[in-house]
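Visitor: Could you take me through how the helices and the sheet of this protein are arranged?

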Amino acid sequence: MLGSMKVVGAVGAASVALAALYWRRRVMPIGPCAADGRPLPSGDQQVMLSGNGLTRYHLNIRWLKEGECIVVLIHGMTSPGVDVWRPLIACLEARRRCVLAYDVAGRGWSHCAGGPMTIGYHVRQLEELLDTLSIGDRPLELVGLSFGAVIASNFAVRHRDRVRRLVMIAPAGLFPPRDYLGLLAGSGLLGLLARVRWAARCRASLKRDYARELRAMTDGGAVLRAYIANADCNRAIVRSYLSTLLCCAEVFDNRRALRALGSSPCQTLLLFAERDSATGPPPDDAELRELLPTACWHRLDAPGLDHAMHLTHRHLVEPLIADFVGSDG
């Protein structure tokens, strides 16, 4: 009996050691890592940032006028970067708006510089990008999707004098986290094993989520193929997602920034899906009014409308965004 217990203990210890080794060598979100190694899509560019490495961006200054706001688009945590914004970019540029979209660190064609991906890390990436592109003094209108709304709201709190308007689409940080997300962010052995298990299944899981969220699209699968290609080719994807989950508490609770935003002059619009498979149902009106007393919001409901509503239901989402950021008056 004692011998059997020793064997079980030895096997358990070896399993933990192997899991820890796998975590450190293959998953641990520390150290620089290049992202997608494929050629850049036509029209996109990269710039070297000291705090992040190469960062992909789209910027068309053709319509930029003196004193006019630049519309900055910030995608979500598991999005493949600029590609999720192509339709909205076209919509806004058709209205002669200057649009900047970029890949958040470790996503798309932006590198992962290593170190903890706190909310400060993500905000500094945008700050440095604006300064490097010589548009750091321009007034801004921010559009954030999911975790991108967390970045946008925290940037807006730090730069109250520059951010005129903020749009948050299916924002993270307002809802209780799913059980598995809380486990991933947990400490101890269970947290380690959960992260190793999640990392091993990350790419396949992302592809399933993409297919579900984009099932209502009628583009012949073009956007879904871009999502899947990035999941296959981005070498920084696993460590970047985990680093943000582990180091950025605002993913789960961003209410502190939202309360601060509620007392700022920034005009705010929130767009929710009534049935959101990623974040869950939206908060009730009383909670939203307590957080953001001057904001306005829309709860959108239509067949197939889910977390990626800006892509699957453009006819509902794009007019709301374009009209909200449509003028500087």
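Predicted model: local features only at pLDDT ≥ 70, side-chain atom pairs only at ≥ 80, totals over all residues.

Guide: Residues are numbered from 1 along each chain as its sequence is written, and side-chain values use heavy atoms, with hydrogens and water left out.

Visitor: Which strands stand at the edges of the sheet?

Guide: The open sheet is formed by 8 strands with mixed pairing, in the order 1-2-4-3-5-6-7-8, where strands (E, at least two residues) are DSSP runs numbered from the N terminus, as are helices (H or I, at least four), and two strands pair if DSSP finds at least two bridges between them. An edge strand has a single partner, so one side of it is left without a neighbour in the sheet, and this holds for strand 1 (45–49) and strand 8 (296–300).

Visitor: What is the bridge partner of tyrosine 57 in strand 4?

Guide: Strand 2 (residues 53–60) and strand 4 (residues 99–102) run antiparallel and are joined by 4 bridges. The partner of tyrosine 57 in strand 4 is tyrosine 102.

Visitor: At what angle do helix 3 and helix 4 pack?

Guide: Angles run from 0 to 180 degrees between N-to-C directions, with axes fitted to C-alpha atoms, for helices over the stretch in contact. The axes of helix 3 (residues 119–132) and helix 4 (residues 147–158) are 9 Å apart, and the helices pack at an angle of about 70 degrees.
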